[in-house]
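Biologist: I have not looked at this one before. Can you walk me through it, please?

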Amino acid sequence: MEITNVSEYDIIAKQKLPKMVYDYYASGAEDQWTLKENMEAFSRILFRPRILIDVSRIDLTTTVLGFKISMPIMIAPTAMQKMAHPEGEYATARAASAAGTIMTLSSWATSSVEEVASTGPGVRFFQLYVYKDRNVVAQLVRRAERAGFKAIALTVDTPRLGRREADIKNRFTLPPFLTLKNFEGLDLGKMEKSDDSGLASYVAGQIDRSLSWKDVKWLQSITSLPILVKGVLTAEDASLAVQNGATGIIVSNHGARQLDYVPATITALEEVVKAARGRIPVFLDGGVRRGTDVFKALALGASGVFIGRPVVFSLAAEGEAGVRKVLQMLRDEFELTMALSGCTSLKEITRNHIITPSETKYPISARL
């Protein structure tokens, strides 16, 4: 079958992967309302394309935290990628580098920061969970720095793991031939079998539920790397992120895997962007499956987007070549959307290029 869009990799991954592994990657929390909504909310935003503009040259390049990248489409942290493909995070790192974009490595990767760095050059961020043992955290941050990672994406929406019922049914655990490589030498690399989800038990035992804004300050005291706060959904928390010295915000609901019935990230985005008031960049992850989605996020004020599930599904289907193809398809679709909307650079994408659901009730002229 010829793959013509990103979502088709989901179907192939479902056929190829063991049920426990596919369900781990694919499922969301509880009723999975937010999981569906993350994608459906994009479909309710419509375009207002401008015509008769010279679009013979289109520039997709952008700068993220001072690093020039080829497009505003980056790779989100997804855990345990060697469950999807033997090359796991190595393949993803090489694909991101080839595409000229940023990869974010998960704390719970099945390849270590040093191993991923060994794949060659590339701008990489490190996603951080804060463990109860702060020495473990400090050690991990120092290792990421030494391995050349350029920023920390601090996950702030997981004091406890969301209730992922597929993982409970499947008694999810990391396959015995794999470890959480970053924690291997600390006796924290294995996941015990459980009569629940093995990951939920691991999180309950290791992750610090007392995490608060003061810990963002603590993190700044142990690293000079910029800190992105990942998991912001409200204006209030966006303002606090700015006040507490965050370098950027990632609007994220953890791929709809934490609290169900939170809004889609594309729905929450504008509120967060307005609260940030241009003081720090705001990014988005969750539900991005088309180049049109990327355009809509940028029109609502995002500086870029991160993709998660499309990476692990394409990795499962075709390894590094699959991840490269996902990045290329999204790039091509995004470039086409820009051309058909009359935009030749990212700065030309404006709020006036889209109509959100609330605006379909009112004449557009009212805000022009």
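Modeller: Start with Lys230, which is buried, with a relative accessible area of 6%. Buried means under 20% relative accessible area, exposed over 50%, and partly exposed in between, with a 1.4 Å probe and protein chains only.

Biologist: What kind of model is it, and how are residues numbered?

Modeller: This is a predicted model, where local features need pLDDT of at least 70, side-chain atom pairs count only at pLDDT 80 or more, and totals for chains, interfaces and linings use all residues. Residues are numbered from 1 along each chain as its sequence is written, and side-chain values use heavy atoms, with hydrogens and water left out.

Biologist: Back to Lys230. Where is its place, and what does Lys230 touch?

Modeller: Lys230 is in strand S8. Helices (H or I, at least four residues) and strands (E, at least two) are DSSP runs, numbered from the N terminus. Not counting residues up to four places away in sequence, Lys230 touches Pro77, Leu154, Thr155, Val156, Asp157, Ile250, Ser252 and Asp285. Contact means heavy atoms within 4.5 Å.

Biologist: Which residues are closest to the centre of the largest cavity?

Modeller: Pro77, Thr78, His254, Gly255 and Arg257, out of 29 residues that line the largest cavity. Helix H2 (19-26), strand S11 (304-307) and helix H13 (309-341) each supply at least two lining residues, and H13 gives the most, with three. By class, the lining has 13 nonpolar, ten polar and six charged residues. Ala, Val, Leu, Ile, Met, Phe, Trp, Tyr, Cys and Pro count as nonpolar, Asp, Glu, Lys and Arg as charged, and the others, Gly among them, as polar.

Biologist: Which residues does the UniProt "binding site" annotation cover?

Modeller: In the unreviewed UniProt entry, that annotation covers Tyr24, Tyr129, Arg164, His254 and Arg257. The lining of the largest cavity includes Tyr24, Tyr129, Arg164, His254 and Arg257. UniProt positions are given in the numbering used here, feature names are shortened, and annotations may be inferred rather than shown by experiment.

Biologist: Take Tyr24. Buried or exposed?

Modeller: Tyr24 counts as buried, at 4% relative accessibility. The residue sits in helix H2, and among its contacts beyond four places in sequence are Arg164, Phe172 and Arg257.

Biologist: And where does Tyr129 lie?

Modeller: Tyr129 lies in the loop between S6 and H6. Tyr129 also counts as buried, at 7% relative accessibility. Not counting residues up to four places away in sequence, Tyr129 touches several residues, including Trp108, Thr155 and His254.

Biologist: Pockets next. What lines the largest pocket?

Modeller: The largest pocket, with a volume of about 310 Å³, is lined by 19 residues, and Thr155, Val156, Leu211, Ser212 and Trp213 lie nearest its centre. Strand S7 (151-155), helix H9 (213-222) and strand S8 (227-232) give two or more residues each. S8 has the largest share, three residues.

Biologist: Which residues of H9 are buried?

Modeller: Asp215, Val216 and Leu219 are the buried residues of H9. They are on the same side of H9, because they cover an arc of only 110 degrees around the axis; the arc is that of the directions from the helix axis to the C-beta atoms. On the other side of H9, Lys214 and Ser221 are exposed.

Biologist: What covers the buried residues of H9?

Modeller: The cover includes strand S6 (124-128), helix H6 (134-146), S7 and S8.

Notes: 1 Å grid on protein atoms, 1.4 Å probe; cavity = no way out; pocket = protein on both sides within 12 Å on 5 of 7 lines; lining within 4 Å. Points joined across faces, edges and corners; volume = space filled by probe spheres on them.
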